[in-house]
Amino acid sequence: MLEAFGLLPEDEHDRELAENVHPGNWVNPSPSERYNIVVLGAGTAGLITAIVSASLGAKVALVEKHLMGGDCLNVGCVPSKGIIRAARAWADLQRAAEFGIGVPPGVTCDFGAVMSRMRRLRARISSNDSAQRYAKLGVDVFLGHGRFANQETIHVEGGAGEVRAAGRHGHTGGTGQHVRVHARQPNRGSGRQRVSQCRRDSESHRPHARRHSCRRLSPSRSRSAP
Ligand SMILES: Cc1cc2nc3c(=O)[nH]c(=O)nc-3n(C[C@H](O)[C@H](O)[C@H](O)COP(=O)(O)OP(=O)(O)OC[C@H]3O[C@@H](n4cnc5c(N)ncnc54)[C@H](O)[C@@H]3O)c2cc1C
């Protein structure tokens with residue numbers, strides 16, 4: 001499974017990373033009847049959205065199909081800084097004489113060791129973005145590919161291996177998961193409730209639809225979250 005995520009199965013650091021951000025034995029929780037907010041994707045944006053919403057008392061579901069932490073932890077900010085730091089050390093060695101430091105000839109760079117250090121550092125901080133941590137903080141963490149089944153429902157499939165399509169109305173069976181999307185915001189001024197829903201059409205087959213679309217549903221369609 002680690003290979004599918006671009007990780008090294010034999011590497012202890014990558015195994016630790018996977019244990020945190022996509023545990024092989026993760027069992028998705030039984031979905032609540034209704035959530036205040038369902039976050040698709042546990043990258044930087046999704047993690048922050050989930051944790052802030054949960055800390056404000058919202059009932060939150062977080063859906064991740066790949067590795068929690070997203071690009072930043074797994075392939076972006078964190079690993080790049082580890083490699084850049086090693087490159088800087090190497091560059092400093094090349095310029096050592098300029099600073100009056102004598103470096104004996106024959107100094108080498110072990111790129112494998114550079115990458116191993118990067119994987120160690122990445123694994124060490126991955127507990128911050130871990131499924132376990134977010135679950136403990138009150139977020140329902142679902143590992144699997146999320147797809148809109150309809151305007152209110154996200155179907156979570158794959159990932160944990162136990163997630164399969166169940167019915168169409170937000171209930172869950174033993175092996176199936178549906179999550180209800182319910183984003184509710186106060187209608188300032190009138191005190192009434194509106195429902196607004198945003199989704200990204202990045203997987204749309206219509207090129208002109210590859211953008212964020214937000215639409216506000218009529219008040220009559222809004223329902224209360226528990
Ligand atoms: C090499 C590199 C270095 C970078 N360095 C920095 C830096 O130093 N500082 C900085 O601020 N930024 C940096 N960035 C940018 C940073 O990584 C991104 O801004 C950040 O990751 C964006 O977060 P995000 O949550 O929007 O998206 P992502 O991190 O891409 O997360 C999206 C998540 O959604 C999941 N997902 C997508 N579709 C679904 C679905 N249908 N169901 C379930 N899950 C889904 C994906 O698997 C992914 O985990 C760097 C990026 C790169 C590539």
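Colleague: What share of the contacts between residues at least 6 apart in sequence joins residues at least 24 apart?
Modeller: In this predicted model, 57% of those contacts join residues at least 24 apart in sequence, and a pair counts as a contact because its C-beta atoms lie within 7 Å.

Colleague: What makes Val 39 and Ala 50 a pair in contact?
Modeller: Their C-beta atoms must lie within 7 Å, and Ala 50 touches Val 39 as well as Val 60, Leu 62, Tyr 134 and Val 139, leaving aside residues up to four places away in sequence.

Colleague: Why is the set that holds Ala 50 called a nonpolar core?
Modeller: The name applies because the members are buried residues of kinds such as Ala, Val and Leu, joined through C-beta atoms within 7 Å. The largest such core has 28 residues, and those touching the most other members are Val 39, Ala 50, Val 60, Ala 61, Leu 62 and Val 63. Among the elements giving two or more residues to this core are strand S1 (37-40), helix H2 (44-55) and strand S2 (60-64), and the largest share, four residues, comes from S2.

Colleague: How many residues surround the ligand, and which are the closest?
Modeller: The ligand is surrounded by 19 residues, the closest being Gly 41, Gly 43, His 66, Gly 70 and Gly 76. Elements that give two or more residues to this shell include H2, S2 and helix H3 (70-74).

Technical notes. Residues are numbered from 1 along each chain as its sequence is written. This is a predicted model: local features need pLDDT of at least 70, side-chain atom pairs count only at pLDDT 80 or more; totals for chains, interfaces and linings use all residues. A residue is buried if 20 or more other C-beta atoms lie within 10 Å of its own, exposed if 12 or fewer, and partly exposed in between; C-beta atoms are placed from the backbone. Two residues are in contact if their C-beta atoms, placed from the backbone, lie within 7 Å. A residue is near a molecule or strand if its C-beta atom, placed from the backbone, lies within 6 Å of it.
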